[in-house]
Amino acid sequence: MDATSTSSDLAEMDRIRAVEHRRLRALVEGDMETAMSLHAPDFQLITPIGMPLSREQYLGAVSQGAIKYLTWQPQEIVVRLHEDVALIRYRAALEVIFNGHRVPLSDYWHTDTYEHRDGRWLVVWSQATAIQ
């Protein structure tokens with residue numbers, strides 16, 4: 001929070017945090033209907049190994065079990081709000097099975113861009129960076 005944030009800005013930041021928590025929960029639980037509704041059609045993920053994935057590629061991999069999140073534990077989500085665009089950043093502990101290979105619980109930085117479209121916040125870009 002900075003000195004120029006209004007109470008409505010702070011409330012909007014809390015809404016964005018809630019959307020991100022809902023998105024992560026949907027991905028871990030394999031709730032593809034919710035996950036699809038929170039990712040923009042033009043969504044793109046850059047994975048920790050630098051691979052770009054479209055919404056269809058990413059959510060398809062989750063749906064088919066090629067990516068299976070076992071846990072995703074975010075720490076504090078920092079939000080920078082600029083009208084209809086929000087940037088979020090947080091550190092999280094993740095454990096995942098990727099193409100049948102278990103990736104042990106590890107820490108990652110996540111940076112995501114949300115856009116307010118048709119009255120709701122959608123994630124449009126996401127990038128994860130492994131912490132060594």
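**Exercise 1. A pair in helix 1**

With which residue does R15 form a salt bridge, and how far apart are the closest N and O atoms? Work from the coordinates of this predicted model.

Solution. 
- Step 1. The partner of R15 is E12, and the closest N and O atoms of the two are 2.5 Å apart.
- Step 2. R15 and E12 are three residues apart in helix 1 (residues 7-29), so about one helical turn separates them.
- Step 3. R15 is partly exposed at a relative accessible area of 45%, whereas E12 is buried at 16%.

**Exercise 2. A pair across the chain**

Find the parts of the chain that the salt bridge between R23 and D112 links, and classify both residues by accessibility.

Solution. 
- Step 1. The R23 and D112 side chains meet in a salt bridge with an N to O distance of 3.6 Å.
- Step 2. This pair links distant parts of the chain, since R23 belongs to helix 1 and D112 to strand 6 (residues 101-117), 89 residues apart.
- Step 3. Buried means under 20% relative accessible area. R23 has 1% and therefore counts as buried; D112, with 1%, is likewise buried.

**Exercise 3. Bridges and a network**

Solution. 
- Step 1. The count for the structure is nine salt bridges.
- Step 2. One of them pairs E115 with R117, with the closest N and O atoms 2.7 Å apart. E115 is partly exposed at 26% relative accessible area, and R117 is partly exposed at 23%.
- Step 3. Through shared partners, salt bridges join E20, R23 and D112 into one network.

**Exercise 4. The largest pocket**

Solution. 
- Step 1. The largest pocket holds about 390 Å³ of space.
- Step 2. Its lining consists of 20 residues, and T47, P48, Y69, V96 and F98 lie nearest the centre.
- Step 3. Two or more lining residues come from each of strand 1 (39-46), strand 3 (67-74), strand 5 (85-98), strand 6 and strand 7 (120-130).
- Step 4. Sorted by class, the lining has 16 nonpolar, three polar and one charged residues.
- Step 5. F98 also belongs to a nonpolar surface patch with I49 and M51, and the patch has about 290 Å² of accessible area together.
- Step 6. I49 sits in the loop between strand 1 and strand 2 (52-54), and I49 counts as exposed at 67% relative accessibility.

**Exercise 5. Positive phi**

Where do E83 and D118 lie, and are they buried or exposed?

Solution. 
- Step 1. Most residues other than glycine have a negative phi.
- Step 2. For E83, phi is positive, near 55 degrees. E83 lies in the loop between strand 4 (78-82) and strand 5, and is exposed with a relative accessible area of 75%.
- Step 3. For D118, phi is positive, near 50 degrees. D118 lies in the loop between strand 6 and strand 7, and counts as exposed at 81% relative accessibility.

**Exercise 6. A residue of strand 7**

Is V123 buried or exposed, and what distance separates its C-alpha atom from that of I88?

Solution. 
- Step 1. V123 is part of strand 7.
- Step 2. With 0% relative accessibility, V123 counts as buried.
- Step 3. V123 and I88 are 35 residues apart along the chain, and their C-alpha atoms are separated by 10.0 Å.

Terms used
Residues are numbered from 1 along each chain as its sequence is written. This is a predicted model: local features need pLDDT of at least 70, side-chain atom pairs count only at pLDDT 80 or more; totals for chains, interfaces and linings use all residues. Side-chain values use heavy atoms; hydrogens and water are left out. A salt bridge is a side-chain nitrogen of Lys or Arg within 4 Å of a carboxyl oxygen of Asp or Glu. Helices (H or I, at least four residues) and strands (E, at least two) are DSSP runs, numbered from the N terminus. Buried means under 20% relative accessible area, exposed over 50%, partly exposed in between (1.4 Å probe, protein chains only). On a 1 Å grid over the protein atoms alone, a cavity is a set of points where a 1.4 Å probe fits but cannot get out, and a pocket is an open set with protein on both sides within 12 Å along at least five of seven lines; lining residues have an atom within 4 Å of a point. Grid points are joined across faces, edges and corners, and a volume is the space filled by probe spheres set on the points. Ala, Val, Leu, Ile, Met, Phe, Trp, Tyr, Cys and Pro count as nonpolar, Asp, Glu, Lys and Arg as charged, and the others, Gly among them, as polar. Patches are made of residues with over 30% relative accessible area and no salt bridge: like charges are joined within 9 Å, nonpolar side chains (Val, Leu, Ile, Met, Phe, Trp, Tyr) within 5 Å. Accessible areas come from the Shrake-Rupley method with a 1.4 Å probe; for residues, only the protein chains shown count as cover.
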